[in-house]
Amino acid sequence: MQAQRELRRQQRQWLAELAAGARAQQRTAVIAVCVSGGLLIAQAAAIAWLIQGVFVEQRPLAQTTAVFGLLAAVLLARSLLGGLAQSAAGDVADAARLALREKVYRRLLGRGPLWLRRQRTGELSELLLSHGDAIEGYYAGFQPVRVEVVVVPLLIALAVAWVDWVVALILICTAPLVPVFMMLVGWSAEAAGREQLGELARMSGHFADRIKGLGLLRLYGRGEVELQGIAAAAEGVRLRTMKVLRIAFLSSTVLEFFASVSVAMVALYLGLSYLGMVSLREAVPTLGVGVFCLLLAPEFYAPLRRLAAHYHDRANALAAASEVERLLRDDLPAAEVAPAKPSPLAAEPIQRQEALVALRDLTLRPQGANHDVLSGFSLEISEGQHLALVGPSGCGKSTLLEALAGWLPPRQGEIVLRDGVRVGYAGQRPYLFHGSIADNLRLADPSASEARLHAVAEAAQVMRFVRHLPQGLDTVIGERGFGLSGGEARRIGLARMLLTDPELLLLDEPTAFLDPQTEADLLHALAVHTRGRTVIMATHSEAAMRWADAVVRLQAGQGVAPEAGA
């Protein structure tokens, strides 16, 4: 129980931090709501005085003009305050939603490419969409009402007690029924909201993944089966949404019942008092007093009812906070976490100044694997050297490049890189966004000129296939390079990396799937483009091995000393 309370406290603090940049708007919304609630007393007093004066005391209408003017001014002021409160609360919600999305985006960036590669993008996208919408009602509705429910009913109770203490006693005695039931319902609402958000995220991830692999699903005839899976996921969302709605409607019905019974008790007391059947005071309340109390009785419970309605917004916000933390928490197995030591790409000078990179007793394990692919591996790479990493699949070539790129911390040993060296990495599966080829290239350097863009495209042999496209580099491709072959996508990734002008180039199978002539042209262009730069290339190609200055043959579990290139 203590742990659960601590968790809720942390979630509330987390939600408060999201709106830290909109404190002024929060105060404006709260003050406007409370002042508007206080003006209810003046409004009810004006109406009660008019009824007492016109119908009981038979005052001429000329004497009521000032009170009519006051009533109109109060109504106008409450209308303006309501608009101000709604606008300010909306600004707070917008600021919190933006802060949430920035927070999630920073956390996703901090996770790095390897972690993101293992996640479902559709599920992560829900963190920026539906989870952001789930917290809107918390800031726009629950937070202002949370203060209103303390201030306004207290002011009304004091005003009513001034004219009739019995009515005030009825209001005060029946008021606790609302928050007690609200807490009971709130626990169920939060649990149901968390289930609904989780199911929505899972369905979004499932649907997005199937959309991305739609061509493959059709190729293997899995279309109907996957439709059934999507239908089942949608049904799960429907059931959990209906559960949330049932709780919301049930709680609203019961709360309205308690509020209506309480108002009826006030009306019954006043009616019996006027009939002479109940005499709890020395004098029978006047008609004006009765109207004043009856007008304020529903308004006494109105903030409580609004709090109950927005309590579901609070439950949704807490559920969203829990889901965000669940999806972004550090869930890597302990065996994959590197021991505390300096950064694997620590910017420190090495003993031998001619070496650009030094690998010392390196032990690497890919994320998600249960065994090491390299153990006790040491190597020094000189500036300007072209090195080929070769060996059977699974021996650790790609893992070593990822460690050199700074994506994967070593389990043991260290990677020391000369201070200030710019590193470029071109992997086997470069991510290409929906847009033109030129747009995808300019991700590396938005200010790159057309001439430089064409130069790196020529060097990476992108122009070899782009020349045959109707719009050249302006040809639009789909997400993840849809419309391109695997080799074409790799060449675009290589050109994009070249645009960063790195001093250390890490290339993972850049010549795979290329015909011999294209491979020869690519290697020749790389030799020209990378003259004086260091290149480490994972490859199975004999031509690439001959191109390199030295070859390092890797075996599963350990590396073998480099041999001279042909």
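Which residues of α12 are buried? In this predicted model, they are Lys-397, Thr-399, Leu-400, Leu-401, Glu-402, Ala-403 and Leu-404. Buried denotes under 20% relative accessible area, exposed over 50%, and partly exposed the range in between (1.4 Å probe, protein chains only). Helix α12 spans residues 397–404. Seven of its eight residues are buried, so the helix is largely enclosed by the rest of the structure. Just after α12, Gly-406 takes a positive phi of about 90°. Helices (H or I, at least four residues) and strands (E, at least two) are DSSP runs, numbered from the N terminus.

The model is predicted, so local features need pLDDT of at least 70 and side-chain atom pairs count only at pLDDT 80 or more, while totals for chains, interfaces and linings use all residues. Residues are numbered from 1 along each chain as its sequence is written, and side-chain values use heavy atoms, with hydrogens and water left out.

The chain holds 18 helices and 13 strands. It has 566 residues, of which 45% count as buried. Its accessible surface comes to about 27,900 Å². Carbon and sulfur atoms account for 60% of that area. Accessible areas come from the Shrake-Rupley method with a 1.4 Å probe; for residues, only the protein chains shown count as cover. Contacts (heavy atoms within 4.5 Å) were also counted by sequence separation. Among contacts between residues at least 6 apart in sequence, 79% join residues at least 24 apart.

Helix α14 covers residues 450–459. Leu-453, Val-456, Ala-457 and Ala-459 are buried in this helix. Seen down the axis of α14, the buried residues fall within an arc of 165°, so they line one face of the helix. The arc is taken over the directions from the helix axis to the C-beta atoms. The cover over these buried residues includes α13 (437–441), α15 (463–466), α16 (486–498) and α17 (516–529).

Gln-43 lies in α2. It is buried, with a relative accessible area of 15%. Leaving aside residues up to four places away in sequence, Gln-43 touches Leu-71, Val-74, Leu-75 and Arg-78. Gln-43 and Phe-292 are 249 residues apart in sequence, yet 9.4 Å apart in space, C-alpha to C-alpha. Trp-49 also belongs to α2. At 34% relative accessibility, Trp-49 counts as partly exposed. With residues up to four places away again excluded, Trp-49 touches Arg-59, Gln-63, Thr-64 and Val-67. Trp-49 and Leu-287 are separated by 238 residues in sequence and by 9.3 Å in space, C-alpha to C-alpha.

Leu-287 also contributes to a nonpolar surface patch of about 470 Å². Patches are made of residues with over 30% relative accessible area and no salt bridge; like charges are joined within 9 Å, and nonpolar side chains (Val, Leu, Ile, Met, Phe, Trp, Tyr) within 5 Å. A salt bridge is a side-chain nitrogen of Lys or Arg within 4 Å of a carboxyl oxygen of Asp or Glu. Val-284 sits in the loop between α10 (223–274) and α11 (287–328). Val-284 counts as exposed, at 52% relative accessibility.

Positive phi values also occur in loops. Gln-58 is not a glycine, but its phi is positive, at about 55°. Gln-58 is located in the loop between α2 (23–56) and α3 (65–117). With 59% relative accessibility, Gln-58 counts as exposed. Phe-513, likewise a residue other than glycine, has a positive phi near 70°. Phe-513 is placed in the loop between β9 (504–508) and α17. It counts as exposed because its relative accessibility is 66%.

His-386 is found in strand β4 (residues 386–390). It is buried, at a relative accessible area of 9%. Not counting residues up to four places away in sequence, His-386 touches Thr-530, Arg-533, Val-535, Trp-547, Ala-548, Asp-549 and Ala-550.

A search of the whole structure returned zero disulfides, each defined as a pair of cysteine sulfur atoms within 2.5 Å. Cys-173 counts as exposed, at 55% relative accessibility. Cys-395 counts as buried, at 1%.
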